[in-house]
Amino acid sequence: MDGSGTIACVISDIFGEQFQPPAAMVLITAAAALLVVLWDALWRPARNVVTIVHEAGHALVALLAGRRLSSIRLHSDTSGVTVSRGRTDGPGMVCTALAGYLAPSVLGLAFAGLLLSERVGVVLVTCAVLLLGVLVMIRNLYGVLSILVTGGVLFAVSWLATEEVKAAFAYLITWFLLVGGVRPVFELQRKRRRGRARDSDADQLHRLTGAPGLFWVGMFAVINTGALAVAAAWLLVP
């Protein structure tokens, strides 16, 4: 097979219709994601994935708003910081601050739409592109290690696993982003009540817009819960 034929096969593998899992697999992966999010011993390491997507959301929207992206840092306590340069106020800064907590749920909803169209390969490729984009901007050792470990798992599944395992993994990622996008919002509000999150995204939005931080926390909760509900209707209803 010549080079053009090989490329065509790869493109077909990624964008063509792929393995459609049975309903039992969809339910099992949903239950597994819920278990990971609710069980603290599993949630703590897995939350790093949510943080990666959170910071990627800040970074992408900052670039779209015309800001200059300086760095991304991921920390061992599962927090992260994205630094961009530009105006310190205005719509671009508001959208940048708003994007973080919404990013996991919005990406999860997009993945649910792709899975509904049997595009497992696109989900996995999108994950790889996201990790590569974040890796380029990482400026601390823990962040690099976090991306490499996550990318290693993704690579192993994408290249070594069967089509059935790839599909199950894509569904697990999707459910995890959807469910895992909700818990950090409630964690944020608990920290705010204790006075431990004065520089949180919600409080930055308060300073930028004048709307109370609780308003923004509520918006995060409504949008992320709504994304989970819509995705569940797509994937669980026959």
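**Exercise 1: Salt bridges**

R207 forms a salt bridge with D199, with 3.5 Å between the closest N and O atoms. The model is predicted: local features need pLDDT of at least 70, side-chain atom pairs count only at pLDDT 80 or more, and totals for chains, interfaces and linings use all residues. Residues are numbered from 1 along each chain as its sequence is written, and side-chain values use heavy atoms, with hydrogens and water left out.

Task: State how many salt bridges a search of the whole structure finds, and describe the pairs.

Solution. 
1. Side chains of opposite charge can pair when their charged atoms come close. A salt bridge is a side-chain nitrogen of Lys or Arg within 4 Å of a carboxyl oxygen of Asp or Glu.
2. The search of the whole structure gives 7 salt bridges.
3. The classes are buried (under 20% relative accessible area), exposed (over 50%) and partly exposed (in between), with a 1.4 Å probe and protein chains only.
4. D89 pairs with R87 at 2.9 Å between the closest N and O atoms. D89 is partly exposed at 39%, whereas R87 is exposed at 57%.
5. R192 and D203 meet in a salt bridge of 3.1 Å, N to O. Because R192 lies in helix 8 and D203 in helix 9, this pair ties together parts that are 11 residues apart in sequence. Helices are DSSP runs (H or I, at least four residues), numbered from the N terminus. D203 is buried at 14% relative accessibility.
6. A network of salt bridges links D40, R47, R183 and E187.

**Exercise 2: A helix and a loop**

Task: Determine where L42 and R196 are found, and whether each is buried, partly exposed or exposed.

Solution. 
1. L42 belongs to helix 3, residues 40-64. Its relative accessible area is 32%, so L42 is partly exposed.
2. R196 is located in the loop between helix 8 (183-193) and helix 9 (201-209). Its relative accessibility is 56%, so R196 is exposed.

**Exercise 3: Cysteines**

Task: Give the count of disulfides and classify C95 and C127 by accessibility.

Solution. 
1. A disulfide is a covalent bond between the sulfur atoms of two cysteines. The rule applied here requires a pair of cysteine sulfur atoms within 2.5 Å.
2. By this rule, the count is 0 disulfides.
3. C95 is partly exposed at 39% relative accessible area, whereas C127 is buried at 12%.

Note on methods. Helices (H or I, at least four residues) and strands (E, at least two) are DSSP runs, numbered from the N terminus.
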